[in-house]
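I opened the notebook to record what I looked up in this structure. The entries follow the order in which I consulted the model.

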Amino acid sequence: MTDAASRLSRPDAPPKPRATRAAAARPAASGAARRGPFRPEVWLNARQRHASRLAAHYFRAFDVLAVIALTLLCAWVASPGALIHAEVSRLAPFVLGAATVLALLRSLGRYRFSRGQETRTHLLSVAAIVIVGAVVALGSGALLRPVEAAEWTAWSVWAGLTFVALMGLHLGWSAMVARWRASGALTPNIVLVGATRHAEALIREALKRRDLNVLGIFDDRLARSPTAIEGVPVLGSANDLLTHKMTPYVDRIVLAIDPKAEARVRELTARLGTLPNEVTLLVEPNGEQEMAVALDRLAAAPLADIQGAADPDRRAFNKRMQDLIVGLIALIGLAPVMAVIAVAIRLDSPGPIFFRQRRHGFNQEEIVVWKFRSMRQEAADATASRQVTHDDDRVTKIGKFIRKTSLDELPQLLNVITGEMSLVGPRPHAIGMKTGHVESARLVAEYAHRHRIKPGMTGWAAVNGSRGPLHTAQDVRRRVQLDIDYVERQSVWMDLWIMAVTVPVLLGDRAAIR
């Protein structure tokens with residue numbers, strides 16, 4: 001079991017293996033009474049499960065590369081001379097066939113791998129798509145020019161190789177997705193707000209289906225609430241949910257209260273809206289059929305839909321590819337600079353080269369962020385309870401330089417490569433960071449909204465002057481507003497622009513204290 005799972009096995013954390021009704025009836029102090037029937041086999045936070053869903057884009061990338069490689073190979077073999085000098089009429093059948101196959105795989109949703117879809121059915125549909133591509137290749141070739149026997153053979157070989165390659169790839173994709181579903185990597189985790197009959201009906205039906213994890217229940221009326229419903233523990237009030245260690249593992253918060261209580265619905269929605277998790281109101285189902293439809297919507301966890309440029313999963317995939325490509329190039333290119341900084345830190349003051357600090361990441365996940373150490377070892381402040389000021393006596397000589405130039409952030413390229421951070425995003429703040437004597441997160445209601453996307457090495461706020469420590473509530477509000485603006489507007493082109501202006505903006509920022 002991972003450290004995260006160990007922490008979450010405490011009574012105030014997500015449910016453990018199935019509790020009996022007798023256990024549910026025992027006092028809340030009993031550990032067994034705090035454990036529920038939906039304990040996932042493997043605890044994965046929202047970022048990790050989201051990475052599994054994005055696998056559809058990786059699958060398609062491999063398919064595209066395989067089909068293009070086979071198409072070029074067969075076209076080259078079929079051409080009497082160099083491929084670049086080949087007649088268009090010779091190449092067109094291969095190109096049209098390949099384009100047809102790839103377009104149909106995408107448009108017919110062969111990368112969604114929806115729950116309940118049989119592998120045999122999926123492979124038959126892929127085979128049918130390759131046959132259609134072969135017909136297009138052969139038909140277009142016959143229409144464009146008199147066909148030689150060698151060309152028929154080349155087109156047939158292309159179709160056969162494409163068939164074998166795609167069947168093998170999709171058999172592998174299907175097996176991977178099946179393993180993820182079995183381990184719970186694709187099973188949505190939800191919590192319910194409201195220990196009501198709606199919650200009881202939803203839990204009872206979810207227990208039959210086993211395609212949804214109900215981790216716990218929160219209810220403001222604890223005095224009248226049971227310790228558990230159908231074995232799912234009541235873990236506290238709605239306010240307890242705001243700071244619960246479970247939230248990084250939750251995909252959706254479901255309000256299981258009477259929608260006619262409009263004032264209460266509005267109040268809870270506003271209160272829970274400060275969290276990065278999506279909030280959904282469960283409208284009272286009228287019969288088992290409507291309950292099944294409601295659960296279908298909550299449990300729907302196909303892999304990411306790759307259609308549509310505005311799709312958030314496609315946007316997340318593009319961002320991840322950008323992070324990997326640019327991040328790896330930067331890590332290799334800056335390796336000599338990082339080595340020089342490491343030697344300078346070692347010579348300047350005793351202590352480790354790196355400084356590690358726990359900060360909030362995507363969906364309030366706790367991550368360990370790497371930096372070059374810029375302070376004296378004995379004065380290190382892992383919780384940022386005292387933010388840096390001008391001429392801070394804790395900062396070393398080398399530390400002043402690398403903080404001013406932001407070179408101390410370079411080790412975070414490792415966080416980017418591992419997927420905990422992005423190159424561009426809201427800067428991750430230390431957990432418990434204070435502005436004055438107040439925790440910064442308590443100064444702005446929408447503070448947690450900045451966690452709806454991965455934190456970044458640089459960001460929209462950084463290039464707009466909100467960089468370094470936050471000394472007043474107004475500083476916090478401005479940083480959060482800029483971060484939320486970025487979350488709502490993020491795109492690959494915006495990220496590239498921010499990266500391009502980061503160095504000149506930061507080097508020209510003489511007012512920032514770091």
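Predicted model: local features only at pLDDT ≥ 70, side-chain atom pairs only at ≥ 80, totals over all residues.

**Entry 1. Helices H12 and H13.** I looked up how helix H12 (residues 312-333) packs with helix H13 (residues 335-348): the angle is about 50°, and the axes lie 4 Å apart. On the H12 side, the contact is made by Leu331, Ile332 and Gly333; on the H13 side, by Ala335, Pro336 and Met338. Sorted by class, this contact of H12 with H13 has five nonpolar residues, one polar residue and no charged residues.

**Entry 2. Phe372.** I next located Phe372, which lies in strand S8 (residues 366-372). Is Phe372 buried or exposed? Its relative accessibility is 2%, so I recorded Phe372 as buried. Leaving aside residues up to four places away in sequence, I found that Phe372 touches Met338, Ile341, Ala342 and Ile345, among others. Further residues that Phe372 touches include Ile353, Phe354, Phe355, Ile402 and Leu407. I also looked up Ser406, 34 residues from Phe372 along the chain; the C-alpha atoms of the two are separated by 9.9 Å.

**Entry 3. Aromatic pairs.** I found that the structure holds nine aromatic pairs. One of them joins Tyr58 and Phe317 edge-to-face, with 5.1 Å centre to centre and 85° between the planes. This pair links distant parts of the chain, since Tyr58 belongs to helix H4 (residues 55-78) and Phe317 to helix H12, 259 residues apart. I recorded Tyr58 as partly exposed because its relative accessible area is 28%. Phe317, at 11% relative accessibility, counts as buried.

I then turned to Phe354 and Trp370, an edge-to-face pair with 5.6 Å centre to centre and 80° between the planes. Here Phe354 is in strand S7 (residues 354-360) and Trp370 in strand S8, 16 residues apart. Both count as partly exposed: Phe354 has a relative accessibility of 34%, and Trp370 has 29%.

**Entry 4. Ring cluster.** Which residues do ring pairs link into a cluster? I listed Phe59, Phe62, Phe113, Trp173 and Trp180.

**Entry 5. Arg489 and Trp460.** Last, I looked up the charged end of Arg489, which sits over the ring of Trp460 at 5.0 Å from the ring centre.

Methods:
Residues numbered from 1 in each chain as written. Heavy atoms only, no water. Axes fitted to C-alpha atoms, helices over the stretch in contact; angles between N-to-C directions. Helix = DSSP H or I, 4+ residues; strand = E, 2+ residues; numbered from the N terminus. Contact = heavy atoms within 4.5 Å. Nonpolar A, V, L, I, M, F, W, Y, C, P; charged D, E, K, R; others polar. Buried < 20%, exposed > 50% of the residue type's maximum accessible area, 1.4 Å probe, protein only. Phe/Tyr/Trp six-rings, centres within 6.5 Å; stacked < 30°, edge-to-face > 60°. Lys NZ or Arg CZ within 6 Å of the ring centre and 35° of its normal.
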